[in-house]
Number of protein chains: 2
Amino acid sequence: MHELLILSRRADQYRRLIEDARLPQLHISATSDSDDLSAVARFEIVLGEPSLVRSALTRLTGMKWVQSTWAGVEPLLDPSLRRDYILTNARGVFGPQMSEYVFGYMIARERRMFEKYAAQQAGRWDPAPPGTLRGKQIGLLGVGSIGAALAATARHFGMRVKGYTRGSEGCADVDAYFHGDDRVAFANNLDYLVSVMPNTAGTRHLVDASLLAALPQRAVFINPGRGSVVDERALADALQSGRLAGAVLDVFEQEPLPADHVFWRTPSVLITAHTAALSVPEDIAPVFVDNYRRWTAGEPLRYQVDFVVGY
Amino acid sequence: MHELLILSRRADQYRRLIEDARLPQLHISATSDSDDLSAVARFEIVLGEPSLVRSALTRLTGMKWVQSTWAGVEPLLDPSLRRDYILTNARGVFGPQMSEYVFGYMIARERRMFEKYAAQQAGRWDPAPPGTLRGKQIGLLGVGSIGAALAATARHFGMRVKGYTRGSEGCADVDAYFHGDDRVAFANNLDYLVSVMPNTAGTRHLVDASLLAALPQRAVFINPGRGSVVDERALADALQSGRLAGAVLDVFEQEPLPADHVFWRTPSVLITAHTAALSVPEDIAPVFVDNYRRWTAGEPLRYQVDFVVGY
């Protein structure tokens, strides 16, 4: 028998979904608070939110595998923490939501949705012609499973697609790849720059003054990824001076975004509250179910996190 | 030599695009006002806006073919007008713009974009979870070239697609087809109803009280097609009573929408000013060029309008 601990604010929902999968040889415990549990040491497998798992890490002495319910596993990557277990994260499930966020806000900008809504509120018929995504150029910082989903949607809408990655060039919907020091060539002539980079030592402030200066003035930066990737002071400068046309930001170095943050006072910024892609148990449970079958069969798990690289 | 008259407010732009195509045996005249022209009778071919062509119709005695720059050719369909020429309209070019309009506004609704923008204006961090298109059901009234483009985008975003047509069932992205008296079954359980029907005698007030009553309360009606398809009084009643969740309207029985129209005072209506898909010379000129090659080769033209059916 394998002992599974579900550690999530949606523990009951996860328990139902996993019970429905009728996995063999699995005994399930589920809670949103590990302090409630006795005999914590018996759990071999944990399915949970990284921050909750972290708080129980020293007590989960029998733990061999953690399946994160999130894509981001930063709470578990602190070098001071144990790394004597397999960590898998949630991948391949956020692409569709991310696509809706990114392309919804890009179309909103092209079609001047907020201006047209204001015209309507004023009772004004506004025939100003809208723009279109077709023929425009999008640059993707990061082309993992989310970036690949964005590239496919960009292709669907007739956009040209540039991709910036560490080295991989596996996505057929990307027209041109860039790596390493090619950031200026990557940024050249982009209409939209979208960051879906993970939070790692290597991506910190990748979007800095030099990258922003290489974008055309008409460009819009969209960040549904991780706030740590952006030098927020440099971004605010570029926006406030008009060297960059706009930004749509879902993530920030500090969340919730502090009340005195300059972004609240920058008219060309659209702010959303880290809701671009939510972790939905219906999406994540199948990732666990698939990996559990691999675990019991002695096969390698999918979506293993490299503790050093950070994703 | 074939004599072409370009009759459009963008006559100069059309002339440049068609000159660039270097079509054989073609002499081009271009104007935005046919009153400027002498010897109007010499023109065999007219490329133009239907309303401008209509005003010159009796003088264009040598005219054998009109290529409309618009999809809608209502000004030329009046039974009192001559029908002794071939009329072709613009098709196959509005799908991408229509997709951006329809899916942009659907995502805006799912993600509460206007509410979240208002929260931002108030300096409020708003973590309310957004909805998603994935798994939702869209119903397309009309599955011509525009409907097929919408069906493909709906499929891309993981939606289920119902189509209502006169009889055709040619689009592979439609999951279920409905015809004739099946309007109630068609409307059943839709999240979004989208009309891309042309303006014909057969489509007048197709969206009436009975169709609207068959929609679930959560449904949203989107009309980027033709205003004549909608019984506006019935739509306003359904919206104001809350039996229908919302509407996104780009076209109306009278345009511009009169200042005293009830839609201006209906909060669940989003109004745009017949800008969902614009006729762009770069899109339309290739349609003419292709048809001109067919014309000179004695082949049937594409996109011929049936004066009786109306499209």
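This briefing covers the fold of chain A and its interface with chain B. The model is predicted: local features need pLDDT of at least 70, side-chain atom pairs count only at pLDDT 80 or more, and totals for chains, interfaces and linings use all residues. Residues are numbered from 1 along each chain as its sequence is written, and side-chain values use heavy atoms, without hydrogens and water.

**Chain A**
- Chain A has nine helices and 12 strands. These are DSSP runs: H or I of at least four residues for helices, E of at least two for strands.
- The C-alpha trace of chain A spans about 65 × 50 × 40 Å along its principal axes.
- Of the 311 residues in chain A, 55% are buried (under 20% relative accessible area, 1.4 Å probe, protein chains only).

**The interface**
- Chain A and chain B each give 48 residues to the contact (heavy atoms within 4.5 Å).
- About 4,000 Å² is buried between the two chains, 66% of it on carbon and sulfur atoms. Buried area is the accessible area (1.4 Å probe) lost on putting two parts together, summed over both.

**Pairs across the interface**
- The rule finds two salt bridges between chain A and chain B (a side-chain nitrogen of Lys or Arg within 4 Å of a carboxyl oxygen of Asp or Glu).
- One of them joins the side chains of B:R134 and A:D283, at 3.2 Å from N to O.

**The side of chain A that touches chain B**
- The elements giving two or more residues are α3 (95-110), α4 (113-121), α5 (145-156) and β12 (269-271) of chain A.
- α3(A) gives the most, with nine residues.

Methods
Chains are lettered from A and ligands numbered from 1 in the order in which they are written. Buried means under 20% relative accessible area, exposed over 50%, partly exposed in between (1.4 Å probe, protein chains only).
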